Amino acid sequence: MTISINNLLQKRQEKLNVAINQLIRDSELLESVANTLIQSLCSNKKILICGNGGSAAQAQHMAGELIGRFKKNRAPIAALALGTDMATTTAIANDFGYEEVFLRQVDALGNDGDVLLILSTSGNSPNVLAAVNTARRKGLKTVAFTGKKPSKVEDLADIVVRFPAEETDVIQELHLLAIHILCEVVEEHLSKEVVDGQ
Ligand SMILES: O=C(CO)[C@@H](O)[C@H](O)[C@H](O)[C@H](O)COP(=O)(O)O
Ligand SMILES: [Zn+2]
């Protein structure tokens, strides 16, 4: 039987609907993530973002929205996606092991009061767990986006948002939705700060 796009779209609509309804009910959690980001950025700190595979792309996507623009022209917002420098990333992976790729970048670039945002659908990837441990040691605030299932990062991160879906691709789509909403809220708040501060 051939796979039907119409059917896949309908199933997706159903899954995203259920999940977004749940996120709306639990919206205080994303509010607290937004407040954490805003508080650090208003204190001239920065956001480091990381993840593997599709989540690495989403980390870059978010940094791009913040350093460039989301919907408004305003001052750049300090955000950096880890693992985007191939020379550094391959050197760390080759010399120290893949588990250290994010850890060493957090150690080198993260400072007290910065935020580390982890995007991991499983919440169990060893390199993101290692990055959270290092971030804690260095005094960064740590936020993790995961999927529905309980995961190891819950024992480590300050705030964990479990997105209510089981499949990697659906979880990633929900992460991206939250990333865009956070960018909008952060952008709105920070452009007001600049105007108010004039
Ligand atoms: O984009 C996808 C699947 O949609 C894949 O590349 C996926 O990101 C990779 O399998 C990752 O290694 C999964 O890592 P994680 O989300 O469990 O931390
Ligand atoms: Zn993917």
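Which residues surround ligand 1? Keep in mind as you look around that this is a predicted model.

**Stop 1: the ligand.** Select ligand 1, then Asn 52, Gly 53, Gly 54, Ser 55, Ser 120, Thr 121, Ser 122, Ser 125, Val 128, Thr 168, Asp 169 and Gln 172, which surround ligand 1. Now colour helix 3 (54-67) and helix 7 (168-196), the elements that each give two or more residues to this shell. Helix 7 supplies the largest share, three residues.

**Stop 2: Gln 172.** Next, pick Gln 172, which sits in helix 7. Is Gln 172 buried or exposed? Gln 172 is buried, because 22 other C-beta atoms lie within 10 Å and 20 or more are enough to count as buried. Beyond its neighbours within four places in sequence, show its contacts: Gly 54, Ser 55, Gln 58 and Thr 121.

**Stop 3: the annotated positions.** Select His 61, Glu 65, Gln 172 and His 180 together; an unreviewed UniProt entry gives them the feature "binding site". Zoom in on Glu 65, which belongs to helix 3. Glu 65 is buried too, with 20 other C-beta atoms within 10 Å. Leaving out residues up to four places away in sequence, Glu 65 touches Phe 70 and Cys 183.

**Stop 4: helix 4.** Finally, move to residues 86-96, which form helix 4. Step on to Gly 97, which follows helix 4 and has a positive phi, near 110°.

Terms used
Residues are numbered from 1 along each chain as its sequence is written. Chains are lettered from A and ligands numbered from 1 in the order in which they are written. This is a predicted model: local features need pLDDT of at least 70, side-chain atom pairs count only at pLDDT 80 or more; totals for chains, interfaces and linings use all residues. A residue is buried if 20 or more other C-beta atoms lie within 10 Å of its own, exposed if 12 or fewer, and partly exposed in between; C-beta atoms are placed from the backbone. Helices (H or I, at least four residues) and strands (E, at least two) are DSSP runs, numbered from the N terminus. A residue is near a molecule or strand if its C-beta atom, placed from the backbone, lies within 6 Å of it. UniProt positions are given in the numbering used here, feature names are shortened, and annotations may be inferred rather than shown by experiment. Two residues are in contact if their C-beta atoms, placed from the backbone, lie within 7 Å.
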